[in-house]
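Hello,

Here is the structure for your files. My notes follow below it.

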Amino acid sequence: MSWRDRLSALAREQLPAEVAAKWAELFRPGIRLVPAGAGPRVGRIGGAPALPEELAWPEWPGRGPLDFLAALDCAALPREFLSIPLPEAGTLLFFYFDGFRRESDDSPLLEDVEGSRVVFVPAGVPVVEREAPEGLDPYPARDLFGEVVATAPEREHILLDQTRISNGESLAEAADGPPDFPGTDVFGELVATARGGGREHQLGGFAAPVQGAVENEIAAEVLGDYRDPRRVEEAARWVLLAQIDTDDEADMIWGDAGMLYWMIRADDLEAGRFDRARCTLQCG
């Protein structure tokens, strides 16, 4: 089945026909990042980053250097399935201050913008593989391969409130899933079933929230108040750049089986302003 067909079939089985059809119109492909697969090799998780010699290792001022998580090769990605505009070539590098791994009470919150970093290295720029600063223990290195999966809005995403069926109800209001997954929880359960098991490392598409919609968290932080009436408008400006799941084999533990999300405003993404991406953590 294609990335869309499996999720569409599950939606038709579990949701009212019109709700399933309307929700399917919102589906986006995501590039799932897996340690082995039939898709192309698109990067690496863990190991050592390749950085320009003149570029200082990213750090969180007052706390220390950030941990290197992953590198993604833009040229190797299956571009026909990208839901976000990325450069045709170059490398995206993801850094995060992993307080748990260094047995530190310091772990960046959403407002701690310097506790994580996305670095873009354009194609053709000379780089050297850099050893981690003293005191950092690199994560085990593993190649990542790209696998196209279906993603969709779920768990309080604003599109579930904004998209309406013929009787005027929003998808959030009309959701009618099994008793164990009431309301918008049913959408999350369907997406999880369609993806199957495994880690949820992903580029583009919709985020797979552990709790509520990640876009709402970002908007509330930017505006300073979750009750701000501009929150819906602000949330709509943000898209998922990448998410890195808890992964025991990679020695990456984000709280209680949590997930890291790098979100970025669509206009910043178009302009290649990757330094403006914001990272947040959700866990159980």
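Helix 1 and helix 2 are roughly antiparallel to each other (over 145 degrees). This is a predicted model, where local features need pLDDT of at least 70, side-chain atom pairs count only at pLDDT 80 or more, and totals for chains, interfaces and linings use all residues. Residues are numbered from 1 along each chain as its sequence is written, and side-chain values use heavy atoms, with hydrogens and water left out.

The helix pair: the axes of helix 1 (residues 3–14) and helix 2 (residues 17–24) cross at roughly 155° and come within 9 Å. Axes are lines fitted to C-alpha atoms over the stretch in contact, with angles from 0 to 180 degrees between N-to-C directions. On the helix 1 side, Arg-4, Leu-7, Ser-8, Ala-11 and Arg-12 make the contact (heavy atoms within 4.5 Å). They meet Ala-20, Trp-23 and Ala-24 of helix 2. The residues of this contact divide into 5 nonpolar, 1 polar and 2 charged.

The C-alpha atoms fill a box of roughly 60 × 45 × 35 Å, taken along the principal axes. Of the contacts with a separation of 6 or more, 74% join residues 24 or more positions apart.

Best wishes

Methods. Helix = DSSP H or I, 4+ residues; strand = E, 2+ residues; numbered from the N terminus. Parallel < 35°, antiparallel > 145°, perpendicular 65-115°, else oblique. Nonpolar A, V, L, I, M, F, W, Y, C, P; charged D, E, K, R; others polar.
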